[in-house]
Amino acid sequence: MSVFCRLVTVWALLGAAQLLLFSSPSRAISVRQCQRAEVDKNETLQAACRQQERAARTHMPSNASVFFDAGAVQRTKPDPSAIKPVYFPLCLVDAHRDARYCKDLSVPIFKRQRLLVHCLQAFAQFADEHQLPYWVIHGGLIGWYWNEFLLPWDMDVDVSVLYADLAQRYQPLHGTVFRGRYLFEVNPNAVYRQPQRSDVIDARFIDRLSGLYIDLTAVSYDAARRGLHCKTPHYYAPDELFPLRRANFSGAEVWVPHRALDILAREYPHYEDRVFHRGKRLFEVKFGETLYEFDEAAQRWRRQAPSA
């Protein structure tokens, strides 16, 4: 083997080693630890995180410049009416399941969580196989921030995508059945980008055995606000989202926003002292009176006995 070939081989091996070291969610300092270092003002850990960040390989959608291109949004259609009917049918007795596959009317929470984790893992593999950019958002991002698992009271998982990616990369996969079980569908009303509170889900990854699903909402560029927004609308600065970070979430390799904590603190200000700060541990679940306490040593939420 020539000296040149040996140098090329060594360079390739070093590059592969660097990719494995800095792209893995199990690296020495996790993204979640770095987020908490900012809250706890841990300057030593912050410095280590910054050094790791400079060396890490981070993810950026190939067409990331699209949200600075107002012309890209012009491919959407003007909405003839302010409110669109909801496209995805919801089960009347369980709003977090698709009506077409809502066979068992009652699903215990522990079984629901297990099925939801399987659905999340399948979606992550589906997206990786087709090289589809996305990021975890809303309640799922809270769960990831605390211990990289779904919150024990979560009923669904939300992810977001760029509208350009939805139109160009997700749309051709409409109607795909993954592993013979999971159906991927794109809402035809996704082309209407005006903010509303009705038909806001742009695509869905559905478990046909249980009716549980992963919701996808697209974000479009707003030239007036110089940011991105979904139809709900939630607003994001581009540097809050990108470059995305690779992370582990309930056993799935997923993408999370670059500045996840900033997004959560703004989106859930009334939970800030109880969820994002590390002092109080109790959180009252909004759909009941159950209280959960976060066990720092075990890195898990524990259900508290009701008070007398």
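Contact here means heavy atoms within 4.5 Å. This is a predicted model, in which local features need pLDDT of at least 70 and side-chain atom pairs count only at pLDDT 80 or more, while totals for chains, interfaces and linings use all residues. Residues are numbered from 1 along each chain as its sequence is written, and side-chain values use heavy atoms, with hydrogens and water left out.

**View 1. The neighbours of Phe184.** Set aside anything within four places in sequence, and Phe184 still touches Phe126, Tyr170, Leu173, His174, Gly175, Thr176, Ala203, Arg204, Phe205 and Leu216. Ring pairs (centres of Phe, Tyr or six-membered Trp rings within 6.5 Å) join Phe184 into a cluster with Phe123, Phe126, Tyr134, Tyr170, Phe178, Tyr182 and Phe205.

**View 2. Phe123 meets Tyr134.** The structure holds 13 aromatic pairs. In this one the ring centres of Phe123 and Tyr134 are 5.1 Å apart and the planes sit at 70°, so it goes down as edge-to-face (planes over 60 degrees apart; under 30 is stacked, and the rest are tilted). Phe123 belongs to helix H5 (residues 109-129) and Tyr134 to the loop between H5 and strand S3 (135-137), so the pair ties together parts 11 residues apart in sequence. Helices (H or I, at least four residues) and strands (E, at least two) are DSSP runs, numbered from the N terminus. Phe123 has 0% relative accessibility, so it counts as buried; Tyr134, at 1%, counts as buried too. Buried means under 20% relative accessible area with a 1.4 Å probe, counting protein chains only.

View 3. Trp153 is in the loop between helix H6 (139-147) and strand S4 (157-162), and Trp301 is in strand S15 (residues 300-303), so the pair links parts 148 residues apart in sequence. Both Trp153 and Trp301 are buried.

**View 4. Arginines over tyrosines.** Arg204 has its charged end over the ring of Tyr213, 3.7 Å from the centre. Arg225 does likewise with Tyr235, at 3.6 Å. "Over" asks for NZ of Lys or CZ of Arg within 6 Å of the ring centre and within 35 degrees of the ring normal.

**View 5. The largest nonpolar core.** This set (buried Ala, Val, Leu, Ile, Met, Phe, Trp, Tyr and Cys joined through side-chain atoms within 4.5 Å) has 66 residues, and those with the most contacts inside it include Phe123, Tyr134 and Val254. H5 gives the most to this core, with 10 residues.

Methods
Buried means under 20% relative accessible area, exposed over 50%, partly exposed in between (1.4 Å probe, protein chains only).
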